[in-house]
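Please open the structure in a viewer and keep the selection tool at hand.

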Amino acid sequence: MAGRDCNLAPEALCEALRSLMVARQGLPDWVHHWRDLSLRADQGGLGPLGERLASSPNLDAGRALDAACADRWLPLAIDAQRELRGFRRWEHPDRIARFQALDAAHHETLSVITSNIQQKQLIFSHLDGMRTEDLRLEWFFEDAQD
């Protein structure tokens, strides 16, 4: 309450002061535990989280913990994988564009192949049931030789 206006009624203020007097007996233990936890957090790489929590009482602790863990974990995860270590973000848009061009060419090639297969299947379906001698080209020219 230090530095803040106190709008408590006198009875409420007296009760708050009595509670504070009782609670002060546990204050040294609380401070000892707080220091111990702060030290362990620092040693575990969570010092920035502890600092944020101590300096911002309205901070969302869950989000702060997620951010602190990501700050500590992300560099380790990136260093652990060759692909991520070699990632160059400035090249990424060009690589995406090249992939999209290759993908479009692939789809066009498949379309041409599919179209050719469909045409051949259509021709074979018309030829289905014809005898082999009907398919010889000589019969086209037999009438022309007479």
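The stops below cover a surface patch, an aromatic pair and several salt bridges in a predicted model.

**Nonpolar patch.** Begin by selecting Leu 8, Leu 13, Leu 17 and Leu 20, which together make a nonpolar surface patch of about 340 Å². Within this selection, Leu 17 belongs to helix H1, residues 10–23. Leu 17 counts as partly exposed, because its relative accessibility is 46%.

Next, select Arg 18 and Glu 15, which form a salt bridge whose closest N and O atoms are 3.7 Å apart. These two residues are three positions apart in helix H1, so about one helical turn separates them. Glu 15 is partly exposed, with a relative accessible area of 44%.

**Aromatic pair.** Move to helix H2 (residues 27–43) and select Trp 30 and Trp 34, which lie four residues apart, about one turn of the helix. The structure holds one aromatic pair. The ring centres of Trp 30 and Trp 34 are 6.0 Å apart and the planes stand at 0°, so the pair is stacked. Trp 30 is exposed at 54% relative accessibility, whereas Trp 34 is partly exposed at 40%.

**Further salt bridges.** How many salt bridges does the count come to? The count is five, including the one already visited between Arg 18 and Glu 15. Select Arg 82 and Glu 83 for another, with an N to O distance of 3.6 Å. Arg 82 is exposed at 60% relative accessible area, and Glu 83 is exposed at 54%. Finally, select Arg 95 and Glu 91, whose side chains meet in a salt bridge at 3.1 Å, N to O. Arg 95 is partly exposed at 46%, and Glu 91 is partly exposed at 26%.

Definitions and conventions
Residues are numbered from 1 along each chain as its sequence is written. This is a predicted model: local features need pLDDT of at least 70, side-chain atom pairs count only at pLDDT 80 or more; totals for chains, interfaces and linings use all residues. Side-chain values use heavy atoms; hydrogens and water are left out. Patches are made of residues with over 30% relative accessible area and no salt bridge: like charges are joined within 9 Å, nonpolar side chains (Val, Leu, Ile, Met, Phe, Trp, Tyr) within 5 Å. Accessible areas come from the Shrake-Rupley method with a 1.4 Å probe; for residues, only the protein chains shown count as cover. A salt bridge is a side-chain nitrogen of Lys or Arg within 4 Å of a carboxyl oxygen of Asp or Glu. Buried means under 20% relative accessible area, exposed over 50%, partly exposed in between (1.4 Å probe, protein chains only). Rings of Phe, Tyr and Trp (its six-membered ring) pair if their centres lie within 6.5 Å; planes under 30 degrees apart count as stacked, over 60 as edge-to-face and the rest as tilted.
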